[in-house]
Amino acid sequence: MNTVAQNIRIIRQRMLQACLKAGRDPQEVKLLLATKTVSAERIKEAFACGEILIAENKVQELKEKYPALRDIRHCSHFIGHLQSNKVKDIVRCGVECVQSLDSLHLAEKLHQRLQEEGKTLEVLIQVNTSGENSKFGVAPERALELIYQVSKLDTLKVNGLMTIGALSEDEETVRSCFRLLKQIGFQAASAAIANVRMREFSMGMSGDLEWAIEEGATIIRVGSAVFGKRSAPLPVDAAR
Ligand SMILES: *Cc1c(COP(=O)(O)O)cnc(C)c1O
């Protein structure tokens with residue numbers, strides 16, 4: 001079995017190749033490590049390779065690992081379904097961006113908490129581009145409306161969009177999800193909504209990162225290709 005360091009080298013190489021093929025500057029694409037079920041020790045191995053961007057799916061795991069990681073320079077995002085009663089933990093554990101914002105209700109809960117703490121938070125709007133029932137995310141046709149609503153909450157800084165591609169082997173099916181996310185991003189950008197930026201497109205995982213990069217991803221989220229197959233059950237929206 002490969003080490004974390006070897007796997008990261010392979011992923012970085014895949015990213016570079018995809019950028020070259022797409023004529024994109026490799027600096028434009030960030031590698032986010034999806035660390036669900038991965039121990040703090042193994043996450044530290046990735047930090048030792050120079051990686052700094054990680055994300056959890058579950059608040060419980062975030063809380064468990066935070067004490068072991070907090071003194072090592074890194075950037076923490078959140079990519080799982082977030083229950084509104086867990087919002088305070090997100091703020092406390094130093095999460096810099098919630099990529100999985102998909103409802104006004106959750107946005108209001110975050111806003112309320114952030115106001116109390118005098119803080120702001122970067123968010124991405126998660127869009128269910130595949131239409132699969134098992135996935136979270138706002139429906140594509142309702143995304144713009146949600147972006148407008150969130151823009152009114154001044155503690156939340158909308159910085160782009162996130163999606164999980166269709167669970168399919170078919171290249172066109174998967175790529176059309178990524179293309180749809182970019183289209184929504186163009187619409188939102190041209191609406192020039194105050195307090196909204198469309199800088200980040202978080203899309204692509206271990207199995208489809210090349211397609212995502214070719215379709216304009218700025219953040220790819222990679223778990224199993226770096227840390228190995230997960231033995232624990234997966235969250236329902238990432239079971240692929
Ligand atoms: C687990 C997860 C990933 C990474 O998936 P892999 O196939 O292991 O690379 C990406 N995004 C989300 C939201 C996840 O939950």
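Residues are numbered from 1 along each chain as its sequence is written, and side-chain values use heavy atoms, with hydrogens and water left out. Because the model is predicted, local features need pLDDT of at least 70 and side-chain atom pairs count only at pLDDT 80 or more, while totals for chains, interfaces and linings use all residues.

**The ligand site**

Let's start with the ligand. There are 13 residues around the ligand, and Lys-36, Asn-57, Ser-206, Gly-223 and Ser-224 come nearest; a residue counts as near if one of its heavy atoms lies within 4 Å. The shell divides into six nonpolar, four polar and three charged residues. Here Ala, Val, Leu, Ile, Met, Phe, Trp, Tyr, Cys and Pro count as nonpolar, Asp, Glu, Lys and Arg as charged, and the others, Gly among them, as polar.

The table gives polar contacts, meaning pairs of N or O atoms within 3.5 Å.

| Protein atom | Ligand atom | Distance |
|---|---|---|
| Arg-221, polar side-chain atom | nitrogen | 2.8 Å |
| Ser-224, backbone N or O atom | oxygen | 2.8 Å |
| Arg-230, polar side-chain atom | oxygen | 2.9 Å |

Taken alone, the ligand exposes 390 Å², and the protein buries 98% of that; these accessible areas come from the Shrake-Rupley method with a 1.4 Å probe.

**The strands**

Now to the strands. Helices (H or I, at least four residues) and strands (E, at least two) are DSSP runs, numbered from the N terminus. Two strands pair if DSSP finds at least two bridges between them.

Strand 2 (residues 53-56) runs parallel to strand 3, joined by four bridges, and Ile-54 stands opposite Ser-76 in strand 3. Right-handed means that, with the strands pointing away from the viewer, the path from the first strand over the helix to the second runs clockwise.

In a regular strand the side chains alternate between the two faces of the sheet. Strand 3 is covered on both faces: Cys-75 and His-77 on one side, Ser-76 and Phe-78 on the other, are all buried, that is, under 20% relative accessible area (1.4 Å probe, protein chains only).

Strand 3 (residues 75-78) pairs with strand 4 in the parallel sense over two bridges. Phe-78 has Val-98 as its bridge partner in strand 4, and His-77 has Cys-97. In strand 4 (residues 97-101), five of five residues are buried. Cys-97 also stands opposite Glu-122 in strand 5. Strand 4, helix 5 (residues 104-117) and strand 5 make another right-handed β-α-β unit.

Key: Polar contact = N/O pair within 3.5 Å; in protein donor to acceptor, adjacent residues only side chain to side chain. Buried < 20%, exposed > 50% of the residue type's maximum accessible area, 1.4 Å probe, protein only.
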